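Hi everyone, thanks for making time this morning. Let me put the sequence and the structure up on the screen, and then we can walk through them together.

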Amino acid sequence: MFAAGWGVGGEAWKWRRRLFAWEEELVTGCIARLYNVSLQAGVSDSWVWQFHNSGCYSVKSAYSHLTATEVRLNGNFDKFLWLRAGELNAHSIQFSGLGSNQKASFIGLTVIWVATLYVIWRDRNNRLFKSVLDPIEKLAEKVKL
């Protein structure tokens with residue numbers, strides 16, 4: 001896309017058919033996100049955790065980020081939890097790639113990711129459909145189990 005021109009009116013944004021209004025909005029959002037991206041020739045892509053100076057993920061850095069932000073985990077946890085559900089696939093790929101390059105490591109981390117999501121999903125359903133409001137600490141223990 002970079003070579004084709006991803007700026008406004010660039011060839012990267014030419015489509016075979018006329019876009020629907022909602023698709024045009026998505027393209028506009030995409031262009032805005034790519035506006036300040038600069039690619040470096042000869043440098044490989046890599047995952048970077050933006051919430052720590054080292055660029056590496058840790059539970060501590062995630063906890064620090066969540067506790068330092070305005071997000072209230074206890075008050076509206078069920079809403080916060082599913083706020084970015086559309087990004088779950090990207091998160092899964094990031095999480096599963098944290099281990100070594102061996103297939104067994106990737107599969108193991110994928111299983112942990114899916115099991116964690118299942119526990120969280122069950123808790124969410126209990127909150128929404130059964131009005132069971134377990135404390136966040138209990139959910140964390142279920143995830144660890």
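This is a predicted model: local features need pLDDT of at least 70, side-chain atom pairs count only at pLDDT 80 or more; totals for chains, interfaces and linings use all residues.

What makes Ser 131 worth a look is its positive phi of about 55°, although it is not a glycine. Its relative accessibility is 59%, so Ser 131 counts as exposed.

Now let's step back to the whole chain. The protein chain has 6 helices and 0 strands, and along the sequence the pattern reads α-α-α-α-α-α. Of its 145 residues, 18% are buried. The chain exposes about 12000 Å², with carbon and sulfur atoms supplying 59% of that. As for contacts between residues at least 6 apart in sequence, 28% join residues at least 24 apart.

Next, helix H1, which covers residues 21–34. Which residues of H1 are buried? They are Glu 23, Val 27, Ile 31 and Leu 34. Looking down the axis of H1, these buried residues fall within an arc of 80°, so they line one face of the helix. Here is the general idea: an α-helix has 3.6 residues a turn, so residues three or four places apart point the same way. On the other side of H1 we find exposed residues, among them Trp 22, Glu 25 and Arg 33.

Let's move on to the aromatic rings. There are 3 aromatic pairs in the structure. One of them is Trp 49 with Phe 51, an edge-to-face pair at 5.2 Å centre to centre, with 75° between the planes. Tyr 118 and Trp 121 make a tilted pair, 5.9 Å centre to centre and 35° between the planes. Those two are 3 residues apart in helix H5, which means about one helical turn separates them. Both are partly exposed, Tyr 118 with a relative accessible area of 44% and Trp 121 with 40%. Back at the other pair, ring pairs link Trp 49, Phe 51 and Tyr 57 into a cluster.

Finally, a word from the records. An unreviewed UniProt entry annotates residues 104–121 as a "transmembrane region". In the model, that stretch is 100% helix and 0% strand, and its end C-alpha atoms are 25 Å apart.

Conventions:
Residues are numbered from 1 along each chain as its sequence is written. Side-chain values use heavy atoms; hydrogens and water are left out. Helices (H or I, at least four residues) and strands (E, at least two) are DSSP runs, numbered from the N terminus. The expected span of a helix is 1.5 Å times one less than its number of residues. Buried means under 20% relative accessible area, exposed over 50%, partly exposed in between (1.4 Å probe, protein chains only). The arc is that of the directions from the helix axis to the C-beta atoms. UniProt positions are given in the numbering used here, feature names are shortened, and annotations may be inferred rather than shown by experiment. Contact means heavy atoms within 4.5 Å. Accessible areas come from the Shrake-Rupley method with a 1.4 Å probe; for residues, only the protein chains shown count as cover. Rings of Phe, Tyr and Trp (its six-membered ring) pair if their centres lie within 6.5 Å; planes under 30 degrees apart count as stacked, over 60 as edge-to-face and the rest as tilted.
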